[in-house]
Each structure stands twice: as structure tokens, then as C-alpha cells.
Amino acid sequence: MSTSRHWAFAAWIAMFAAIATGSLLPASDLPPPAFDGMDKLEHLFGYAVLSGWSVPLFAARRARVAALLAVIAFGVAIEGAQGVFTATREPDVLDALANATGALLGQLVAFTRCANALRARA
């Protein structure tokens with residue numbers, strides 16, 4: 001694994017940590033959503049980026065599927081953790097669905113022309 005790939009992988013792990021931290025903060029520490037449904041868009045976008053970041057890291061289809069499943073499992077687990085580890089947050093099935101949908105959308109990067117260029121740079 002090249003040095004740049006190590007950094008890209010470390011950044012991917014840091015994204016998981018950032019999402020976990022943000023997801024487990026007390027609700028009062030978060031800004032209110034700008035409009036109804038904004039939180040679902042945030043979930044969708046965040047998990048799309050998290051999943052899409054894995055595309056250049058894992059060239060093999062099987063590895064990308066494993067990364068996708070890991071991102072989806074993480075999104076479901078973090079929703080459960082909100083109910084267990086926080087007093088001001090609760091699990092939301094629609095948030096978990098937005099997480100999974102974002103993860104699937106992020107994998108669409110693999111089918112674009114830029115995917116090979118991204119893999120070459122990672």
C-alpha cells in the first residue's frame with residue numbers, strides 16, 4: 001500500500017470517527033436543522049461521501065462490496081447507539097434508511113470515468 005493510500009485510508013477511518021462523534025453528541029449541542037427533512041439530507045450526503053471515499057481505496061469489486069456493507073452496518077449501528085448511549089438522541093429508522101441510501105449512492109462513483117483516476121491517485 002502506497003503512502004498516499006495509507007493517508008487516504010486513515011482519512012476514511014477519521015470520517016467514521018467524525019460521524020460517530022457527531023451522531024452521539026447531545027442534541028442541544030447541534031444547530032437546529034434549516035428546514036424539515038434537512039437532517040435526512042445530511043445523513044444521505046455524509047454517508048455518500050463516506051462510501052464514495054472507499055471506491056479508490058478498494059479496486060476489487062468484492063472489497064468495495066465489503067466496504068459498502070461496513071458503511072451500511074455502521075449507519076445502522078450508530079442509530080442504535082444513539083438510543084443506548086445518549087439521553088437526548090433516539091434511533092430513527094428513517095435516518096438509518098438515509099444512511100444506507102447515501103452509502104449506495106456513494107458507490108456510484110465506481111461507475112464513472114473518474115474512478116480509475118481516483119484509484120491511481122490513492
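This is a predicted model: local features need pLDDT of at least 70, side-chain atom pairs count only at pLDDT 80 or more; totals for chains, interfaces and linings use all residues.
Axes here are lines fitted to C-alpha atoms, for helices over the stretch in contact, and angles run from 0 to 180 degrees between N-to-C directions.

**Entry 1: H2 against H4**

I looked up this pair to start. The axes of H2 and H4 come within 6 Å and cross at roughly 35 degrees. The crossing is right-handed. On the H2 side I find Asp39, Lys40, His43, Leu44, Tyr47, Ala48, Ser51, Gly52 and Val55. Facing them from H4 are Leu94, Asp95, Ala98, Asn99, Thr101, Gly102, Ala103, Leu105 and Gly106. I sorted that contact by class and got eight nonpolar, seven polar and three charged residues.

**Entry 2: H2 against H3**

Next I went to the other partner on my list for H2. Here the axes come within 9 Å, and the angle is roughly 150 degrees. Angles over 145 count as roughly antiparallel, so H2 and H3 are roughly antiparallel to each other. H2 and H3 also make a right-handed crossing. H2 puts in His43, Tyr47, Leu50, Ser51, Ser54 and Val55. From H3 come Arg64, Ala67, Leu68, Val71, Phe74, Gly75, Ile78 and Glu79. The class count for H2 with H3 is eight nonpolar, four polar and two charged.

I checked His43 in both lists: it meets H4 and it also takes part in the contact with H3.

**Entry 3: H1 against H3**

H1 and H3 pack with axes 10 Å apart, at an angle of about 20 degrees. That makes H1 roughly parallel to H3, because the cut-off for that label is under 35 degrees. H1 passes H3 in a right-handed crossing. From H1 I listed Trp12, Phe16, Ile19, Ala20, Ser23 and Leu24. They meet Ala67, Val71, Phe74, Ile78, Ala81 and Gln82 in H3. By class I have ten nonpolar and two polar residues in this contact, and no charged ones.

**Entry 4: the largest pocket**

Which residues lie nearest the centre of the largest pocket? I got Leu30, Asp39, Glu42, His43 and Arg89, out of a lining of 27 residues. Helices H1 (3-24), H2 (38-57), H3 (61-85) and H4 (93-106) each give two or more residues to that lining. H2 supplies the largest share, with six residues. The space in the pocket comes to about 710 Å³.

Technical notes:
Residues are numbered from 1 along each chain as its sequence is written. Side-chain values use heavy atoms; hydrogens and water are left out. On a 1 Å grid over the protein atoms alone, a cavity is a set of points where a 1.4 Å probe fits but cannot get out, and a pocket is an open set with protein on both sides within 12 Å along at least five of seven lines; lining residues have an atom within 4 Å of a point. Grid points are joined across faces, edges and corners, and a volume is the space filled by probe spheres set on the points. Helices (H or I, at least four residues) and strands (E, at least two) are DSSP runs, numbered from the N terminus. Angles under 35 degrees count as roughly parallel, over 145 as roughly antiparallel, 65 to 115 as roughly perpendicular and the rest as oblique. A crossing is left-handed if the near helix is turned anticlockwise from the far one by less than a right angle, and right-handed if clockwise. Contact means heavy atoms within 4.5 Å. Ala, Val, Leu, Ile, Met, Phe, Trp, Tyr, Cys and Pro count as nonpolar, Asp, Glu, Lys and Arg as charged, and the others, Gly among them, as polar.
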